[in-house]
Amino acid sequence: MSGGLWVVGCGRIFESIAVSQGVFAEDGMLHVLRLPSTDAIANAGLTELPAPSSDARVFVAVDQSALNYARFDLYGRLRMNGYKFTTMVHPAATVDPSAQLGENCWIGPGALIGPSVKIGHNTCVGAGALVDFGASLAANVWVGAAARVGADASVGTHSVIGADVRLGNAVSVGRHCSIETPGHYSQQLPDKTYIDPLFEGAVHIHGGGSQRGRARG
Amino acid sequence: MRSRLPAAAYTDENWFARERELLFKPLWQFVGLRTMLRKHNDFITRRLCGMPLVVQNFNGELRAFENLCLHRQKPLQTASHGNRPLVCGYHGWGYDVAGTPSNIPFEREIYRFAVDELQDLKLRMFPLEIVGNLVFVKLSGQDMALSEQFDGAFLDSLAEVSNAFDDETILTTLKLECNWKLIYENLRDAHHPRYVHSQSIYKNVKFAVAMDEHAIAASKNLAESGCLDRDSAMRALRSFSNGGLNEAMGSMPSYSWHRNVERFGSLDWYYNWLTFPNLHLASGSGGYSFIIEHHVPVSAGRTDLIVHYATARKRNRYATSSAVLYEHMLGGMRVLREDFRIMEEIQAGLHAEAPAARLGDFEHASAGIERWYADAMDGTFKL
């Protein structure tokens, strides 16, 4: 693989990187590989991507889709094939030096990552979002634009915290949740909680060996 | 032709009350999925025709009871579904498969029921039938076999498709501000998708009106002559429920999760089953997944819609299954909202002097059903 940074994906994060390549590639070696859509990820051949090498890094830029499994699918395949990843922090974001970021994370412009925050692999934090002191985001999480994750709050793997959603301090959001209705949430949200303006009431998953979820309302 | 149904059929609460007694209660109604009732003590609760129901698994036997404790009328099960013995949370009365109290704590010490009073204690039980993974109940009326209401081939088709459902199911309830009949008329209308769903499902499935001249003539005959007796009424009733292959899909999307399920059939078609009076099944994915829509009339102007999604049976468990179901629910909700925005607009516009609907030949099925419905409502035949 030739050196430099390869950005692979589609969607808003991908395009925002693609249009301002100079901002992200310190040595000017930034290549983009645009996929037609998230639906194309499963069957994407990725033949344009050079073989893995020690001096090159990949960033998978795929927006939230199917509880982040679309991004995870591509990230996981490339990781299994030996590619090395980078995390991308927009120059207009602020990340406290004590924060720990995993690989293939995106920290959008204006985002603020507070002290002692832990962010797992393949997690995206949108523009203007705040992840406050001591909060933790698991792997494969999405935090939307202008969302707030309160101090010491936690978000489980594959969960989506939508734009303008505000999680109170120490609130725990389980795994595989999707909170898309803007507002303040001060109570714990168990695994598989789905809150979306499209749904009037509770959304449940029954069976499949899963823990039953519940939603507000 | 002019519709037989005045606006009152959609808006009047007295009309709705008669409809419940004369139509819904005597008919077999879908109540829930057997996949949610697999294990001992699994239960679902629903409210059909105002009747609070619990369907409970007793060591593999499903029973439908009125969901009220015989002691102080507290609902026995309070969640929409779950796994819990049939026990009242107020004073601990427990019930067995026959609906009789199997345990009344401190009965001898403080209740002191007479022997005949004890023998009289039994929950109201309702007939229950299972077709594949679909559970039906009947609330009142004459003894009527399920096969009187549904054609045998249709029941076989329902069993076959519902047996393809996976146990993992996502569900939610929509509270719609419209009469249940508007929803059914819309489901029978193959002409609206090009206008209402032009930016969603119609992009890939070009629903077309089937101008079946034989069916049109039969429906017109029913609309003009009506039902002469109960036998002819039941024959007509059996023709109201049908389904299977509906329309070829323009393209068949391929998703990685498809490899993890046993596809129903092998055709890249849209499947559709309309089960009169309260169930609609469809597969917009060529048999990889299914929507199960349970319509529950609540009042003249309100219908609850319990929406379930299930994929076809899993070959093996896979990590993304809940995400797959959630995405189905999100996508399905967008299409359903396109329909229900219009249903609710129609309902809101109806008033006592509103003109009756004008039906074209392509709406022949609705015209025939209207006549059957009118005959049921005025007592020409009794279900």
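This is a predicted model: local features need pLDDT of at least 70, side-chain atom pairs count only at pLDDT 80 or more; totals for chains, interfaces and linings use all residues.
**Entry 1: domains of chain B**

**Entry 2: domains of chain A**

I turned to chain A, which is divided into domain 1 (4-86) and domain 2 (88-217). The centres of these two domains of chain A, taken over C-alpha atoms, are separated by 22 Å. I recorded 16 residues from domain 1 of chain A and 14 residues from domain 2 of chain A in their contact.

Which elements of chain A each supply at least two residues of the side of domain 1 that touches domain 2? I found helix H1 (12-18), helix H2 (21-24), strand E3 (56-62) and helix H3 (69-80) of chain A. H3(A) gives the most to this side, with four residues. By class, I noted twelve nonpolar, three polar and one charged residues on the side of domain 1 of chain A that touches domain 2 of chain A.

**Entry 3: parallel sheet in chain A**

I looked up the open sheet of five strands in chain A, whose order is E6-E9-E12-E15-E18, with parallel pairing. Its edge strands are strand E6 (100-101) and strand E18 (172-173) of chain A, each of which pairs on one side only. Within the sheet, I followed strand E12 (residues 136-137) of chain A, which pairs with strand E15 (residues 154-155) of chain A in the parallel sense over two bridges. Ser136(A) has Ser154(A) as its bridge partner in E15(A).

**Entry 4: contact of chains A and B**

How many residues does the contact take from chain B and from chain A? I recorded 27 residues from chain B and 26 residues from chain A. At least two residues of the side of chain B that touches chain A are supplied by each of strand E11 (165-176) and H11 of chain B. By class, this side of chain B has twelve nonpolar, ten polar and five charged residues.

I next examined strand E22 (residues 203-206) of chain A, which four bridges join to E11(B); the two strands run antiparallel. The bridge partner of His204(A) in E11(B) is Leu171(B).

**Entry 5: sheet with strands from both chains**

I traced an open sheet of seven strands in the order E22(A)-E11(B)-E16(B)-E15(B)-E14(B)-E13(B)-E12(B), and its pairing is antiparallel. The edge strands are E22 of chain A and strand E12 (242-248) of chain B, each pairing on one side only. From one strand to the next, the twist averages 20°.

Inside this sheet, I looked at strand E13 (residues 269-275) of chain B, which pairs with strand E14 (residues 279-283) of chain B in the antiparallel sense over five bridges. Tyr271(B) has Ser283(B) as its bridge partner in E14(B). I also noted helix H6 (residues 152-162) of chain B, which packs on the sheet and touches E11, E12, E13 and E14 of chain B. The direction of H6(B) makes about 125° with that of E13(B).

**Entry 6: helices H7 and H11 of chain B**

At what angle do the axes of helix H7 (residues 180-187) and helix H11 (residues 321-349) of chain B cross? I found that these axes come within 10 Å and cross at roughly 130°. H7(B) and H11(B) are therefore oblique to each other. H7(B) passes H11(B) in a right-handed crossing.

I listed the residues that meet: Leu182(B), Ile183(B) and Asn186(B) in H7(B), and Asp339(B), Met343(B), Ile346(B) and Gln347(B) in H11(B). By class, the contact of H7(B) with H11(B) has four nonpolar, two polar and one charged residues.

Note on methods
Residues are numbered from 1 along each chain as its sequence is written. Chains are lettered from A and ligands numbered from 1 in the order in which they are written. Axes are lines fitted to C-alpha atoms, for helices over the stretch in contact, and angles run from 0 to 180 degrees between N-to-C directions. Angles under 35 degrees count as roughly parallel, over 145 as roughly antiparallel, 65 to 115 as roughly perpendicular and the rest as oblique. A crossing is left-handed if the near helix is turned anticlockwise from the far one by less than a right angle, and right-handed if clockwise. Two residues are in contact if their C-beta atoms, placed from the backbone, lie within 7 Å. Ala, Val, Leu, Ile, Met, Phe, Trp, Tyr, Cys and Pro count as nonpolar, Asp, Glu, Lys and Arg as charged, and the others, Gly among them, as polar. Two strands pair if DSSP finds at least two bridges between them. Domain bounds come from an automatic or database domain assignment.
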